[in-house]
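Subject: Handover of a structure and findings

Dear colleague,

Please find below the structure that I am handing over to you.

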Amino acid sequence: MSSRKGEAVKKLSDITREVFNKDPISLETNGINSFLSNKNKMKVNIIALGDVGTNVLMGLKLLGGDVIEEIGIFDVNGDQLKRLEMEFNQMYYPPTHANEMPPVKILDEDSLYDCHVLIFCASKGVPAVGAQGDMRMMQLKANLELVSVIGGNLKKYNENADKPFNGLVCVVSDPVDQLCRGMEKAAGLEPGRVRGFGLGVMAARARYYAMRDERFSSYLTEGRAFGPHGQDLVIANSIDNYDDEISKELTKLTVEANMRVRDLGFKPFLAPAISSAALSILLTLRGEWCYGSVFFGTEEDRGAYMGVLSRLTPYGIEYEDPELPDSLYDRILAAYNNLLD
């Protein structure tokens, strides 16, 4: 592993020191992880049940019975809520098997924040099939407005509720990293209480191509994904045996994978809903490693959310922090700089 002449090898935790000349803020939180350390099942609420939200609900319903007590659903479309409540509560094993699938419950605005985990799937103006450009960044302005409303309401709720929201906000909508920052500010939450879920599908898409091309095969056992869910994504074929050229080629294929689905006339929402959201959120609630956006910043509130391999512990968020080759660190640093406010 190469290093800059006369300098120590860099790690992810060095980013804020390099950019701001400050130590990174702690991602420890008070109270958020009590349900994790106590191994209790959690109440999970989902905001917006469109294409993505409905498939997130499907994944959590089918696979989350070990950690989820109940799933609440909220959407402006009342008929959609009624339909999903009926259909998802008709999904169970026969009586000869244990039925651990969590029930689904319709929420009103007053009960929206009465949960351990709040999942934000709302989106305005998803680009139509045939649109060109970065599909994720096209939604930034409209979705930031939605985040401001939901986050602002959460802040008011916490100011007036006898039992304030003391859990985790999971942002699924695009662009994930910027919306995490918007949610944190609008809701007045600690950075450790907001986590983004967009990188999981990028890691899975890289795996898809690595399984089909021997040149990328090292990614299957040694690879990592870093950065935003978009053009500045960083795919590394390996940490210890990093190949810059191969990694950049695999990154390009991964970034453009959603367009290959759009070329067929479909919006690519199935893989993101499952890989980035449902599976990653369940791993988070189990305290296991997964891809998610966490805050890299300072005590002075300067910084940005960025996707890395991380996990939720009883003490807060922990992220993998390996020593990085120069060329890989530089790619991640460039992505981080582009995420800053």
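Predicted model: local features only at pLDDT ≥ 70, side-chain atom pairs only at ≥ 80, totals over all residues.

Residues are numbered from 1 along each chain as its sequence is written, and side-chain values use heavy atoms, with hydrogens and water left out.

The chain as a whole

The chain contains 12 helices and 11 strands; helices (H or I, at least four residues) and strands (E, at least two) are DSSP runs, numbered from the N terminus. Its radius of gyration is 20 Å, close to the 20 Å that the globule rule gives for 341 residues, so the chain is as compact as a globular protein of that length. That radius is taken over C-alpha atoms, and the globule rule is 2.2 Å times the number of residues to the power 0.38. The C-alpha trace spans about 60 × 45 × 40 Å along its principal axes.

Of the 341 residues, 52% count as buried. Buried means under 20% relative accessible area, exposed means over 50%, and partly exposed lies in between (1.4 Å probe, protein chains only). The accessible surface of the chain comes to about 15400 Å², and 50% of this belongs to carbon and sulfur atoms; such areas come from the Shrake-Rupley method with a 1.4 Å probe, and for residues only the protein chains shown count as cover.

Contact means heavy atoms within 4.5 Å. Among contacts between residues at least 6 apart in sequence, 74% join residues at least 24 apart.

The expected span of a helix is 1.5 Å times one less than its number of residues. Helix 6 (residues 176-187) has 12 residues and reaches 16 Å from its first C-alpha to its last, close to the 16 Å expected. Because 10 of its 12 residues are buried, helix 6 is largely enclosed by the rest of the structure. Those buried residues include Asp177, Arg181 and Glu184, as well as Leu179 and Met183. Just after helix 6, Gly188 takes a positive phi of about 65°.

The 12 residues of helix 7 (residues 199-210) should span 16 Å, and its end C-alpha atoms are 17 Å apart, which agrees. Nine of the 12 residues are buried, so helix 7 is also largely enclosed by the rest of the structure. Among them are Leu199, Met202, Arg205 and Tyr209.

Helix 11 (residues 270-285) has 16 residues and reaches 21 Å between its first and last C-alpha atoms, close to the 22 Å expected. Its buried residues include Pro272, Ser276, Ile281 and Leu285. Gly287, which follows helix 11, has a positive phi near 75°.

Backbone features in loops

Most residues other than glycine have a negative phi, and most peptide bonds are trans. Asp174 and Pro175 are joined by a cis peptide bond, with omega of about -15°. Pro175 is placed in the loop between strand 5 (168-171) and helix 6.

Asn21 is a residue other than glycine with a positive phi, near 60°. Asn21 is placed in the loop between helix 1 (15-20) and helix 2 (34-37), and it is exposed, with a relative accessible area of 70%. Ala48, likewise a residue other than glycine, has a positive phi near 85°. Ala48 is found in the loop between strand 1 (42-47) and helix 3 (51-63), and at 13% relative accessibility it counts as buried.

Two residues and their contacts

Tyr157 lies in helix 5 (residues 140-160) and is buried, with a relative accessible area of 19%. Leaving aside neighbours within four places in sequence, Tyr157 is in contact with Asp110, Tyr113, Asp114, Lys163, Pro164 and Phe165. The C-alpha atoms of Tyr157 and Gln139, 18 residues apart along the chain, are separated by 27 Å.

Glu28 is in the loop between helix 1 and helix 2 and is exposed, with a relative accessible area of 56%. Leaving aside neighbours within four places in sequence, Glu28 is in contact with Glu190, Tyr315 and Gly316. Glu28 and Pro164, 136 residues apart in sequence, are 19 Å apart in space, C-alpha to C-alpha.

With kind regards
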